[in-house]
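Hello,

Here is the structure I promised to pass on. Have a look at it first, and then read on for what turned up in it.

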Amino acid sequence: MDEEVRMLISGFVVKDKKRFVRISFTRGKAYAEGIVPDGIIERSEGFNGEEILKLEKFIRVHKEEILAQAKEINPIRSWLRE
């Protein structure tokens, strides 16, 4: 991964009584989307297999930090600022 990879974290999402956070990685036109706390990339384009494994490892290692950041996200407050 030579170019800069950017990361975006959602607030908590609830689906089928399960709480999780969506996380996206972008690098140019490449993207990868995953979920926390599962630590898996669900879909991607432009990242190779080795890079996906590294992103999944990053998610697992930094799971607690990612979840803490997601707790701070307030979509209503962000929406009202627009």
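**The sheet and what packs on it**

Strands β1 and β2 (residues 18-27) pair in the antiparallel sense, with eight bridges between them. Within this pairing, V13 sits opposite F20 of β2. Please keep in mind that this is a predicted model.

Now for the whole sheet: four strands make up an open sheet in the order β1-β2-β3-β4, with antiparallel pairing. The edges are taken by β1 (6-15) and β4 (40-45); each has a single partner strand, so one side of each has no neighbour in the sheet. From one strand to the next, the twist averages 20°.

Two helices come next. Helix α1 (residues 49-61) lies across β1, β2, β3 (30-36) and β4, and runs at about 145° to β4. Helix α2 (residues 63-72) packs on the sheet as well, where it touches β1, β2 and β3, and its direction makes about 70° with that of β1.

Which residues of α2 are buried? They are I66, L67 and A70. Looking down the axis of α2, you will find these buried residues within an arc of 95°, so they line one face of the helix. They pack against β1, β2, β3 and α1. On the face turned away from that buried side, α2 carries the exposed residues E64, K71 and E72.

**Salt bridges**

How many salt bridges does a search of the whole structure find? The count is five, and here are some of them.

- K18 and D38 meet through their side chains at 2.8 Å, N to O. Because K18 is in strand β2 and D38 in the loop between β3 and β4, the pair ties together parts that are 20 residues apart in sequence. K18 is partly exposed, at 37% relative accessibility, and D38 is partly exposed too, at 35%.
- E42 and R22 form a salt bridge whose closest N and O atoms are 2.6 Å apart. E42 belongs to strand β4 and R22 to strand β2, so this pair also links parts that are 20 residues apart in sequence. Relative accessibility is 40% for E42, which counts as partly exposed, and 32% for R22, also partly exposed.
- E50 and K54 form a salt bridge at 3.5 Å, N to O. Both lie in helix α1, four residues apart, which is about one turn of the helix. E50 counts as exposed at 53% relative accessibility, while K54 is partly exposed at 45%.

Best wishes

How values were computed: Residues are numbered from 1 along each chain as its sequence is written. This is a predicted model: local features need pLDDT of at least 70, side-chain atom pairs count only at pLDDT 80 or more; totals for chains, interfaces and linings use all residues. Side-chain values use heavy atoms; hydrogens and water are left out. Two strands pair if DSSP finds at least two bridges between them. Axes are lines fitted to C-alpha atoms, for helices over the stretch in contact, and angles run from 0 to 180 degrees between N-to-C directions. Contact means heavy atoms within 4.5 Å. Buried means under 20% relative accessible area, exposed over 50%, partly exposed in between (1.4 Å probe, protein chains only). The arc is that of the directions from the helix axis to the C-beta atoms. A salt bridge is a side-chain nitrogen of Lys or Arg within 4 Å of a carboxyl oxygen of Asp or Glu.
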